[in-house]
Amino acid sequence: MTNLLQSILLWLLYISSFYAFIPSLVSRLFGFRVFRRGRSETEFSLTFDDGPDPEYTPRLLDLLRQYEAKATFFVVGEHAARHPELIQRIHEEGHLLGIHNYIHKTNWLMRPRTVRDQIQRTGQIIQGVTGVKTCYYRPPWGIMNLFDFFSKKDRRIILWSSMFEDWRSSVGVEKLTERMLKELRGGEVMLLHDRGTTLGADAHAPEQMLQALEVVLQEANRQHLHSVRIDTLMGGVTVSESKSTGQPQTHLSPWKRMVVALWLGWEKLFHWVYHLHTASPEDPLLHYRSRVYHGALVEMNDGHVIRNGDPVIELHFDNKKLFDLGMTSRSSMHLAIRMIRAMEQQLPDLARQVALEPELRSAKALYGVSMINRGPEKFGFTVRELAPGPFSSASKVYLKLLLSVIHPAGTKRLKQRSEQLVPKMIAMPLDVLLDRYGQHALVAATVEQSSEELLVPEQDFVPERN
């Protein structure tokens, strides 16, 4: 029995070595089927694994933009799916996106088919957000298996020429900076991490990486070295990415064009009748009006409530803006990201207008009804079901009709998970709006109001004539 067990273990060692250990060793030593170092004397590549991370990736992007550096991000699919807005930002700011499996698991412990599925799933997420198919792949921990050698020619495996244990907080900023500066030269492919939640990593280690990286970028500028994307360091895109040409444009049937015309005409009439104001006139998305709320009590987060008779600011999305976004979005995810970006820009504008208008500042909350109700919580909104009744039923029919026109998937989207396509109420306490988006505006309004109270008309200083 003991001999049998030893034989089984020995065969497992042989198989695992042939499957993963030997391929990884060959690729590291001889660079077979992988790219790990460039030949440029003035360009190097910063590569970041394991992200995106909602805390550290935005700060990293800010830092790269400050020093006009380009980088390559090998993202984990499950993190990319949770933070598509970061994937979009990485792409829009000119960085390269690559694949790091859907979950951070070594290829040594997965079957070839599982590895292939992990790569394809992550690639689909990236392409769904950006419209670009990536061909760049870095296996977790750089461990390849035998089948990676015989992968399709449209996949380029990227390793690295230097790494610095930046995933460990114990290294410290000073030591990490020293290690990075030592390897700063043309052709280098530096391995770093913008997320610290993987096995063996420290959650706050990227904080140290950011501090060290800023010093390295300063020194790179001094030495006239430039951080570039991997495809640039490789001397151009040797395996081309399939890039979308311009913004997609959906062609409307005659009946849809008629619906759109009626819809936009109705919006103009509605704005004129109810005297709607616009949060950002130069890029209209949010319109609003002051009114008195009539309806059942609405409980918001943090114990705030809206009662019948309370003053509220009623929100309305701009129909033309929604239509334009829907017609030029590549996918449902792309539409959602663009909506998030637009809201991030518009809410501060709305807060400024509220802070400057005493009538608006007396409102209890922001209030609106929309089919676009997945995700508003991140902005401070509370989402509540509409009370059953004629208003809810009519809103559902109306908004579904509009969604069938503006959504990239059209009526197909209505047939998929249609139970999620229901109008809901979104509400936000006014205090939350001003605290999160309007502190500067509130100060400015207070100063302006105080100045007006102190300002005395010039004629009041003219002495009376006897």
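The charged end of Arg121 lies over the ring of Tyr102, 3.7 Å from the ring centre; a charge counts as sitting over a ring if NZ of Lys or CZ of Arg is within 6 Å of the ring centre and within 35 degrees of the ring normal. The model is predicted, so local features need pLDDT of at least 70 and side-chain atom pairs count only at pLDDT 80 or more, while totals for chains, interfaces and linings use all residues. Residues are numbered from 1 along each chain as its sequence is written, and side-chain values use heavy atoms, with hydrogens and water left out.

A search of the whole structure gives 2 aromatic pairs, where rings of Phe, Tyr and Trp (its six-membered ring) pair if their centres lie within 6.5 Å, and planes under 30 degrees apart count as stacked, over 60 as edge-to-face and the rest as tilted. In one of them, Tyr293 and Tyr367 have ring centres 5.3 Å apart and planes at 70°, so this pair is edge-to-face. Tyr367 belongs to strand 15 (residues 365-370), and Tyr293 to the loop between strand 11 (286-292) and strand 12 (298-299), 74 residues apart; helices (H or I, at least four residues) and strands (E, at least two) are DSSP runs, numbered from the N terminus. Tyr293 is buried at 3% relative accessibility, and Tyr367 is buried at 9%.

Among the buried residues of helix 7 are Leu210, Leu213 and Leu217, buried meaning under 20% relative accessible area, exposed over 50% and partly exposed in between (1.4 Å probe, protein chains only). After helix 7 comes His224, whose phi is positive, near 60°.
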